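Please look through the sequence and the structure shown here before reading on. The report that follows goes through some features of the fold, one topic at a time.

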Amino acid sequence: MTKSGIFTLFIAFVIMAVAGCKKNDGGNKTASSSHNSTASKKMGGVCQNCHVSGGSGPGWWTVAGTVYTEDLKAFAPNGTIQFFSANLTDTIPVATLEIDQNGNFYSSSLVLPVSGVYPQITGTSGNIVMMPQLCTSGNCNYCHGISCAKIWVN
């Protein structure tokens, strides 16, 4: 092989190595929120602004949001969010996520039904708040806290 051929291979290798370092272009990090975890960031922000393919956040969240206390002044940690396929008629949720210590919930692997769900938050006190409208997006903070009330539980 000539010197120019070796140089061309070297340049191609460098380009491939640099291109492979772009965050989230080569695959998704499997992750879900869990009780007592403090790994989440930017409570109240629109999670899927960063947690999408090509975004700056690790993991591509299919569902994510932030839960506040009833007075909306603090984050509500360690509760649970369940997703039901029918409003007040189902007894078994289609999915369940734990809310972390920062009040955030998220998952890269949870896939909700395309037909939508009715989310229900249970706080550590046992109190329950259910969203009465059908939800068809897992990008919860895109609406909550911007165009409608923040998600809360007491």
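Strands here are DSSP runs of E with at least two residues, helices are DSSP runs of H or I with at least four residues, and both are numbered from the N terminus; two strands pair if DSSP finds at least two bridges between them.

Strand 1 and strand 7 run parallel and are joined by two bridges. In strand 7, tryptophan 152 stands opposite tyrosine 68.

## How the model was read

Residues are numbered from 1 along each chain as its sequence is written, and side-chain values use heavy atoms, with hydrogens and water left out. Because the model is predicted, local features need pLDDT of at least 70 and side-chain atom pairs count only at pLDDT 80 or more, whereas totals for chains, interfaces and linings use all residues.

## Confidence along the chain

The predictor's confidence in each residue is given as pLDDT, from 0 to 100. The chain has a mean pLDDT of 83, and 81% of its residues reach 70 or more. Among its elements, strand 1 has the highest mean value (97) and helix 1 the lowest (33). Over residues 1-24 pLDDT stays under 50, and for this stretch the model has 15 contacts beyond four places in sequence, a contact being heavy atoms within 4.5 Å.

## Two buried loop residues

Asparagine 102 is found in the loop between strand 3 (95-98) and strand 4 (104-107). Its relative accessibility is 16%, so asparagine 102 counts as buried (buried means under 20% relative accessible area, exposed over 50% and partly exposed in between, with a 1.4 Å probe and protein chains only). The side chain of asparagine 102 reaches the backbone oxygen of serine 40 at 3.1 Å, and a polar atom of that side chain lies 3.4 Å from the backbone oxygen of threonine 38.

Serine 37, in the loop between helix 1 (3-19) and strand 1 (63-68), counts as buried because its relative accessibility is 18%. Leaving aside neighbours within four places in sequence, serine 37 is in contact with Asp100, Gln101 and Asn102.

## An exposed residue

Threonine 30 is also found in the loop between helix 1 and strand 1, and it is exposed, with a relative accessible area of 65%. Not counting residues up to four places away in sequence, threonine 30 touches Ser108 and Ser109.

Methods
Polar contact = N/O pair within 3.5 Å; in protein donor to acceptor, adjacent residues only side chain to side chain.
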